[in-house]
Every structure is written in structure tokens, then in C-alpha cells.
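Q: I've got this one open on my screen and would like to go through it with you, piece by piece. Can we start with the sheets and move on from there?

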Amino acid sequence: MMIRIIPALLLATVLADRAPRAVEDKYLETIKVSENVYVFKPKIDWAHGNGVAILAPEGVFFIDTYLQFNYAEEAIRRLKKITKLPVKYVFNTHSHNDHTSGNGVFRRIYPESRLIVNEASVVGLEGRVKAKVEGEKAFIDGELAQADTEVKLGKTIRGGTVLTGTMKEYWELSLREAREYRQQYRPEKYVSPDIVFGDTLVMRWGNLTLKMIHMRDDGHSRADMIVWIPEQRLLVAGDLVVAPTPYYSLPGITKAVRALIAMNPAIIIPGHGPVEYDLSYMQLLERAFSTYQRAAEAAVAARIPERRAMDSIAFRDIDRAFTGGDGLASDAFRSIVAPRQLTFGCAVRGRGRRGRFISGRSGEGRRDHAGGNQNGRRGGE
Ligand SMILES: [Zn+2]
């Protein structure tokens, strides 16, 4: 008997080795936000945007598809645990890579699904996003090499910030994730938009109304879309709202955030970061941006030289309200946030300090798609 059992076990072992290893679902968490709305939220906020599923009897409407293919795959595995219904529509809040790279993963798994975007997103998708999707392997290799070098050096390549505490943990996690992504990588196709609209698209979805609205203030990009569900006063804000620290912002951000506050949403799903159930974070954003803007206008009016003005504008209480004094959040805040970018916008393009928040290679970053360099690259969008 033993003799027969042993080869069977050996065979089982060999087969197990050949079978693709099950991928662990560990990058996202599933959050039920309302009766029919789920968020698949990345555990790392800065690099990775949120994905949102809106369920109806006819299928799933999915908003934003992540920076990496493997994140999109995990979101779909999680969605399949909630519903057997297929994804019918994919919608992008804007064209940046961290919200659109996985469009092809959704199309591969749900071939009947259709991609809806605003007309202002098309140029970015057909140019930058297509190039990133088709060059994903080189992108991963670049990210991996940079993370590997920085972790070994114990500091960032640009800027030379020493990696300690939460920053060190984050860098090590980024390196592990980049290694895993490289192992899991398989090519995906770029998907062109199927349905393109102008100002607003209103759609009935089950018992909900989905209002896709182009916010024309240019607060984060030239194509900032929100989705408003009036029945639940639920706002999918795209990157006009990003937590725990805001992203690169254009001067229109103050006006855009005010408009969102005026809608008085009960539930806010930000482009990145935790779901919010009151207005307090958006009010903090409004206070921060308007303070920066006033300081910037005063500096310009007084003809203070640009560089000196940038160095002198500091609002420590606001900084701390975002970062809570945490090392990683503070680094993100210093790297990304206005006043410097917001204040002088295009004038300081290319001068932003760069770290792991910003990836120069892809046009958009891992933790940040947001610095001055990015702005330059993104011109015209
Ligand atoms: Zn984003």
C-alpha cells in the first residue's frame, strides 16, 4: 500500500508546484458604504486610488481601476464574493494612471463591459495611459530598482531624506509589493473609451440616479469628474478630495472643494483615503487651500521673489491637522502639497522635491502623481 501512496503524494506535490499559486487578497479592504455601494480601498492610500462598485439588478457600475493590474484583479475577486452580476460599465473620474491602469483588466474579465469617460480625459488616456499600460513591465522594473536602491541606502535618492519610522516601513512595504507585482505581472491591453460625454451624464442604475458631473474649476486635473447619487447624498469625489494629505492641486481647488461642500453630502468617497461620513475633512481642505491662496496672492502683490515667498509660506497648524505629526504623512505633505505647487502653479513646474511619492518614469507616481514635474508632463490636460 505504502508503495502506491507515495508516488501519488509525489505526483500531487509536482502538480501543486505547477499549478499557479493562489494570490493572497491583501492589498485592498472591502467596505460596504451603503445598501448597494462598496469601496475596495487600498491599504496604502497615497499611490493607489479607491475603486467603487455600485450594484443594481442589471449589473455593476465600477468607478476607477487602480494603478496596478494586480490591484484591479484583487478588486474583481472581492467583487465576485459580493455578487455574481457582471460589471457592465467602468467609469474613470479622471485620466491619471492610478485611476485608469486597470481598465484592461476589467475588459478582459468582463468583455461586455463598456468604458465611460468625460471628453477631457480622452487625450490623457490615449497618450499617457496607453503608454503606461503597454510599458507596464518596464515601469515595474524601474519602480523596483528605485525602491531597492533607496531601501539599501536608507534614504531617498532625490532629496536624501533619511528613512526612519513610518517612512522606513512604507518604503520596505513598497519594495515587497513591487517584487510581488513583478512576479504576478502579465500583459494587459489598453482599452479606448466607448462612451464619451461633455458636461454631465445622468444614468438610472437600479433604484439609484448616477450623475456624472464635470467639475470645471480645474482643481486637480483638467477633467475632474464626480459621481453624485442624490438618493443617498453620496459623493464619489475623485481626486478633488484626497486623504490623509491632499494631492497636487491647481488654483481652482478652493472653488471646487467649496462646491462639493455646498452639495452637503452624507457620504464622501475620496479619490484616495478613507470614506468620510461628515464634512469635516472637506472643511479642513477648504481652510488649507484658501489660506495658501491668500498668502500666495499677498506674496505676488508684494512682488516677493518666488523662491523666497515659497520658503516663507508655512502654516504649521494646518500641516499638523493633516499629518498628526506622523513622519510618513509629513513627508507626503511636504512632497506634494501646496503652498508651493498651488501657489505658483505652472511657474514652479519642475522644481518639486521628488521622492517615492513621485515617479518620473511613468508620468504618474506610486504614492503621488502630483508633483511639479508631473504638472509639467501633464500640460494641456
Ligand atoms: Zn489619484
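Q: What's the strand order in the open sheet of 7 strands, and what sort of pairing does it have?
A: In this predicted model, the order of that open sheet is β1-β2-β3-β4-β5-β6-β7, and the pairing is mixed.

Q: And which strands stand at the edges?
A: The edges are taken by β1 (28-34) and β7 (195-197), and each of them has a single partner strand, so one side of each is left without a neighbour in the sheet. Going from one strand to the next, the twist averages 20 degrees.

Q: How many bridges are there between β2 and β3?
A: Strand β2 (residues 37-42) and strand β3 (residues 51-56) pair over 4 bridges, in the antiparallel sense. As one example from that pairing, Phe-40 has Gly-51 in β3 as its bridge partner.

Q: Which strands does α2 touch when it packs on the sheet?
A: Helix α2 touches β1, β2, β3 and β4, and its direction makes about 50 degrees with that of β1.

Q: Where's Asp-64, then?
A: Asp-64 sits in the loop between β4 (59-63) and α2 (69-82), and its phi is near 70 degrees, which is a positive value in a residue other than glycine.

Q: Is that Asp-64 buried or exposed?
A: Asp-64 is buried, because 30 other C-beta atoms lie within 10 Å, and the cut-off for buried is 20 or more.

Q: Switching to the open sheet of 5 strands, what's the order there?
A: That sheet runs β8-β9-β10-β11-β12, again an open sheet with mixed pairing. At its edges stand β8 (200-205) and β12 (267-272), each with a single partner strand, so one side of each is left without a neighbour in the sheet. The twist in this sheet averages 25 degrees from one strand to the next.

Q: How do β10 and β11 run, parallel or antiparallel?
A: Strand β10 (residues 224-229) and strand β11 (residues 234-242) run antiparallel and are joined by 3 bridges. Within that pairing, Trp-228 stands opposite Leu-235 in β11.

Q: Which strands does α8 touch?
A: Helix α8 (residues 253-262) packs on the sheet and touches β9 (208-215), β10 and β11, while its direction makes about 160 degrees with that of β11.

Q: What's the phi of Asp-218?
A: Phi of Asp-218 is near 55 degrees, a positive value in a residue other than glycine. Asp-218 belongs to the loop between β9 and β10, and it counts as partly exposed, with 18 C-beta neighbours inside 10 Å.

Q: Which residues touch the most other members in the largest nonpolar core?
A: Those are Ile-226, Leu-235 and Ala-237, out of the 85 residues that make up this core. Helix α9 (residues 280-301) gives the core its largest share, 8 residues.

Q: New topic: at what angle do α6 and α7 pack?
A: Helix α6 (residues 136-153) and helix α7 (residues 165-184) pack at an angle of about 145 degrees, and their axes are 9 Å apart. Their crossing is left-handed. On the α6 side the contact includes Ile-140, Leu-144 and Ala-147, and on the α7 side Trp-171, Leu-175 and Ala-178 are among the residues involved. By type, the contact residues of α6 and α7 divide into 8 nonpolar, 1 polar and 6 charged.

Q: What about Glu-126, how far is it from Ser-192?
A: Glu-126 and Ser-192 are 7.0 Å apart from C-alpha to C-alpha, although 66 residues apart in sequence. Glu-126 itself is found in helix α5 (residues 122-134), and it is partly exposed, with 14 other C-beta atoms within 10 Å.

Q: Last one, how many helices and strands are in the chain?
A: The chain has 14 helices and 12 strands, and 47% of its 381 residues count as buried.

Key. Residues are numbered from 1 along each chain as its sequence is written. This is a predicted model: local features need pLDDT of at least 70, side-chain atom pairs count only at pLDDT 80 or more; totals for chains, interfaces and linings use all residues. Axes are lines fitted to C-alpha atoms, for helices over the stretch in contact, and angles run from 0 to 180 degrees between N-to-C directions. Helices (H or I, at least four residues) and strands (E, at least two) are DSSP runs, numbered from the N terminus. A crossing is left-handed if the near helix is turned anticlockwise from the far one by less than a right angle, and right-handed if clockwise. Two residues are in contact if their C-beta atoms, placed from the backbone, lie within 7 Å. Ala, Val, Leu, Ile, Met, Phe, Trp, Tyr, Cys and Pro count as nonpolar, Asp, Glu, Lys and Arg as charged, and the others, Gly among them, as polar. A nonpolar core is a set of buried Ala, Val, Leu, Ile, Met, Phe, Trp, Tyr and Cys residues joined through C-beta atoms within 7 Å. A residue is buried if 20 or more other C-beta atoms lie within 10 Å of its own, exposed if 12 or fewer, and partly exposed in between; C-beta atoms are placed from the backbone. Two strands pair if DSSP finds at least two bridges between them.
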